[in-house]
Amino acid sequence: MRIEEAKILAALPELGAELRREVSLAELTSLGIGGTTDLLRILRHEAIPSLLKLLDQHRVPHKFLGGGSNLLVVDGELPFVVLQLMKGEPEISLDGDVATVDAAADLGRTVTFCAKIIWGAWKD
């Protein structure tokens, strides 16, 4: 799906969203499969409600993409745009045996973080 509406395109910078045209989701998923669509990289999380309202007003179907782990997406042009939360390093914390992880955290980094904590506790 392509975002063509001028009002949406004009509002994106103000909303902290960066448009990337015709992105292959195969490049963003751990399984390396998936069709193409426009991707909105969300740089300002506080603007998400306004961005969603704008997309809904213009009837632009959308889906969120987390880290892309274990995600199966069909090939070809997708009937929705993809919203991707951007953040430097997602927060990961461990409290006892409960891990709290921000949305879109890298699965490998999360597993490594938890393993290091558990391994350190086991060695002591």
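Analyst: Glutamine 84 is in contact with Leu39, Leu40, Arg41, Ile42 and Leu65, leaving aside its neighbours within four places in sequence; contact means heavy atoms within 4.5 Å. This is a predicted model, in which local features need pLDDT of at least 70 and side-chain atom pairs count only at pLDDT 80 or more, while totals for chains, interfaces and linings use all residues. Residues are numbered from 1 along each chain as its sequence is written, and side-chain values use heavy atoms, with hydrogens and water left out.

User: Where does glutamine 84 lie, and is glutamine 84 buried or exposed?

Analyst: Glutamine 84 lies in strand 4; helices (H or I, at least four residues) and strands (E, at least two) are DSSP runs numbered from the N terminus. Glutamine 84 counts as buried because its relative accessibility is 12%. The cut-offs are under 20% relative accessible area for buried and over 50% for exposed, with partly exposed in between (1.4 Å probe, protein chains only).

User: How many helices and strands are in the chain, and what pattern does the chain follow?

Analyst: The chain has 3 helices and 6 strands. Along the sequence they follow the pattern α-β-β-α-β-β-β-β-α.

User: Which residues have the most contacts inside the largest nonpolar core?

Analyst: Ile8, Leu40, Leu51 and Leu55 have the most contacts inside this core, which has 17 residues. A nonpolar core is a set of buried Ala, Val, Leu, Ile, Met, Phe, Trp, Tyr and Cys residues joined through side-chain atoms within 4.5 Å. At least two residues of this core come from each of helix 1 (6-11), strand 2 (36-42), helix 2 (48-57) and strand 4 (81-85). Helix 2 gives the largest share, 4 residues.

User: Which residues does leucine 55 touch?

Analyst: Not counting residues up to four places away in sequence, leucine 55 touches Ile8, Leu40, Val60, His62 and Leu83.

User: Turning to the backbone, what is phi of glutamate 22, and of arginine 59?

Analyst: Phi of glutamate 22 is near 45°, a positive value in a residue other than glycine. For arginine 59, also a residue other than glycine, phi is near 55°, a positive value. Most residues other than glycine have a negative phi.

User: Where are glutamate 22 and arginine 59 placed?

Analyst: Glutamate 22 lies in strand 1 (residues 17-24), and it is exposed, with a relative accessible area of 54%. Arginine 59 is in the loop between helix 2 and strand 3 (62-65); arginine 59 is exposed, with a relative accessible area of 76%.

User: And where is valine 74 found?

Analyst: Valine 74 is in the loop between strand 3 and strand 4. It counts as exposed, at 55% relative accessibility. Valine 74 touches Gly34 and Gly35, not counting residues up to four places away in sequence. Valine 74 and leucine 25 are 49 residues apart in sequence, and their C-alpha atoms are 9.3 Å apart in space.

User: What is the radius of gyration of the chain?

Analyst: The chain has a radius of gyration of 17 Å, whereas a compact globule of 124 residues would have one near 14 Å. This radius is taken over C-alpha atoms, and the globule rule is 2.2 Å times the number of residues to the power 0.38. Taken along the principal axes, the C-alpha atoms fill a box of roughly 60 × 30 × 20 Å. Of the 124 residues, 32% count as buried.
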